[in-house]
Amino acid sequence: MAIRKIRELGDDCLRKQCKPVKEVNGRTALLIEDMLDTMYEANGVGLAAPQVGILKQIVVIDIGEGPIVMINPEIIATDGEQTGNEGCLSVPGKAGTVTRPNYVKARAYDENMELYEIEGTELLARAICHELDHLKGVVYVDLVEGELVDVTYEEEDEYEDYEDEE
């Protein structure tokens with residue numbers, strides 16, 4: 001278990017298509033553990049493998065309800081719309097307004113390569129869409145409506161607290 005370096009906007013790795021995972025071996029299991037550790041250390045709610053320099057279809061998410069591991073994920077249904085502030089560990093100190101589905105249903109494999117489906121609304125739906133975009137080389141700044149704004153760490157914490165209260 002280790003904290004990995006988070007790649008930042010401008011790194012070519014963030015703009016590449018990720019490859020499907022064929023099996024979870026020891027290296028893949030270690031990567032997943034490292035991704036979770038890295039996400040928690042950075043106070044994030046999600047992290048995709050390309051953000052740590054690995055071009056594999058792996059995402060980890062935790063919106064405060066426990067970790068979710070998604071391998072080879074795909075969105076199979078969406079509904080509604082939500083517009084709100086979004087940030088990214090690969091774009092530190094910035095936030096922007098992005099419109100996403102308010103409901104998402106996705107299919108993925110867990111760390112044991114067992115297929116499952118997950119449904120989420122609001123923050124979880126936003127996190128799933130945001131992280132799955134990373135696997136296609138899309139960064140949220142590509143979707144921002146208007147300008148990116150500077151945020152401080154305290155403002156990010158306040159925003160996360162605000163999200164939890166809704």
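Is C18 buried or exposed? C18 counts as buried, because its relative accessibility is 7%; buried here means under 20% relative accessible area, exposed means over 50%, and partly exposed lies in between, with a 1.4 Å probe and protein chains only.

Before we go on, a word on what you're looking at. This is a predicted model, where local features need pLDDT of at least 70, side-chain atom pairs count only at pLDDT 80 or more, and totals for chains, interfaces and linings use all residues. Residues are numbered from 1 along each chain as its sequence is written, and side-chain values use heavy atoms, with hydrogens and water left out.

Let's stay with the cysteines for a moment. A disulfide is a pair of cysteine sulfur atoms within 2.5 Å, and by this rule the count comes to zero. C18 is in no disulfide, since the nearest cysteine sulfur, that of C13, sits 7.0 Å away. C88 has its closest cysteine sulfur in C13 too, but at 13 Å that is too far for a bond. Like the residue we began with, C88 counts as buried, with a relative accessibility of 9%.

Now for the strands. Helices (H or I, at least four residues) and strands (E, at least two) are DSSP runs, numbered from the N terminus, and two strands pair if DSSP finds at least two bridges between them. Start at β2 (residues 58-61), which pairs with β3 (residues 68-79) in the antiparallel sense over four bridges. Here I61 stands opposite I68 in β3. Six residues lie between the strands of this hairpin, and G64 takes a positive phi near 110°. β3 also runs antiparallel to β6 (residues 103-109), with six bridges joining them; I75 has A106 in β6 as its bridge partner.

Elsewhere you'll find an open sheet of three strands, in the order β4-β5-β8, with antiparallel pairing. β4 (82-86) and β8 (145-150) stand at the edges with a single partner strand each, so one side of each has no neighbour in the sheet. On average, neighbouring strands of this sheet are turned by 25° against each other, direction ignored. Five bridges hold the antiparallel pair of β4 and β5 (residues 94-100), and Q82 has R100 in β5 as its bridge partner. Helix α2 (residues 122-134) packs on the sheet, touching β4 and β5, and its direction makes about 65° with that of β4. Contact means heavy atoms within 4.5 Å; axes are lines fitted to C-alpha atoms, for helices over the stretch in contact, and angles run from 0 to 180 degrees between N-to-C directions.
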